[in-house]
Amino acid sequence: MRIVGPDELVFGVDNIQASETFLSDYGLESVGNGRFTALDGTAISVRSKEDPSLPAPLKTASMLRQTIWGVEDQETLDQIEAELSKDRDVTKTSDGTICSTDDSGFEIAFRITKRIALDLPGELINSPGSKGGRGVNVVGANEDAAAKPRTLSHIVYFLPNMEEAANFYIERLGFVVTDKFTNTGPFLRPQANDDHHVLFMIQTPDYMQGLEHLAFHMQGPTELMLAGSRMVKKGYESFWGPGRHKFGSNWFWYFNSPLGTHIEYDADMDKHDGEWVERETPMSKEASQMFLFENVEKWAPGGPPPGKK
């Protein structure tokens, strides 16, 4: 099945104003009706948790109401409708979106992707011995760069039935395991996306079920650091990072949000195809990240060391 990845996440939130301000400050563009988009059109939608048009909530405190997956074509939509109709209710909206639930109770939907193809420069570096990189007299440090999220990268579910949940996406929807933390959860990618993962699962008790975090891809590590630094200056609380993961190799910086989930900037994720051989290791601090930094106030030589007064 030619599933591309998460196209849009729909939330029912406690505080609309705080949520919309956060998403705008994060770098997404408001396009009206509580919808905020990345450069490629992937989106986050926020509505009041009392909105009767929202799908039913989970039985936990999670504010995620629906994960909308983008697919390549109508043929894939038809395949998904036929497959899921074998054992669960499937409905279709006026625009052709297929709606159902997964085996863990998450509300899911599928539509022909609204992503637009991007043609933007990547981050360029000058590396000794490499012919690529920035040209002569091209400056790499631009504090005024827009640093906009380019595309919805991945989501992470907390759930109590990790093996059953993963098998639904693997056996019913054709996702592939790229790597796995033993007894914790797998990293999954769909057939029409070569990113290391678009979905990760973490085994948790029932009462914790929900969306642990979502992430958007940035141009590269420099824009990730720039965007994250701007969030700190605006008063948002850094949750984890900046740093770099081992599985996936992506740089990361997570922030607490009023959407009841962590929201991550990521950059420079690995790409894989059918030749890739799955890795597995026990979850640990060492396995989770290659290195981890802590943001501190700017410092200049001659003053007290960073973090000291």
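Helices (H or I, at least four residues) and strands (E, at least two) are DSSP runs, numbered from the N terminus. The views show a predicted model, in which local features need pLDDT of at least 70 and side-chain atom pairs count only at pLDDT 80 or more, while totals for chains, interfaces and linings use all residues. Residues are numbered from 1 along each chain as its sequence is written, and side-chain values use heavy atoms, with hydrogens and water left out.

**View A. Helix H3 and the glycine that follows.** Helix H3 spans residues 162-172, and its buried residues (under 20% relative accessible area, 1.4 Å probe, protein chains only) are Met162, Ala165, Ala166, Phe168, Tyr169 and Arg172. Just after H3, glycine 174 adopts a positive phi of about 80°.

**View B. The open sheet.** Its 8 strands, with mixed pairing, follow the order E2-E3-E4-E1-E5-E8-E7-E6, where two strands pair if DSSP finds at least two bridges between them. At the edges, strand E2 (29-32) and strand E6 (91-92) each pair on one side only.

**View C. Strands E1 and E5.** Strand E1 (residues 3-13) pairs with strand E5 (residues 64-71) in the antiparallel sense over 7 bridges, and glycine 5 stands opposite glycine 70 in E5.

**View D. The nonpolar cores.** A nonpolar core is a set of buried Ala, Val, Leu, Ile, Met, Phe, Trp, Tyr and Cys residues joined through side-chain atoms within 4.5 Å. The largest has 58 residues, and those with the most contacts inside it are Phe11, Ile44, Trp69, Phe110, Tyr169 and Leu214. Helix H3 gives the most to this core, with 5 residues. Another core, of 8 residues, lies apart from it and includes Val156, Phe187, Ile202 and Phe247.

Methods. Buried < 20%, exposed > 50% of the residue type's maximum accessible area, 1.4 Å probe, protein only.
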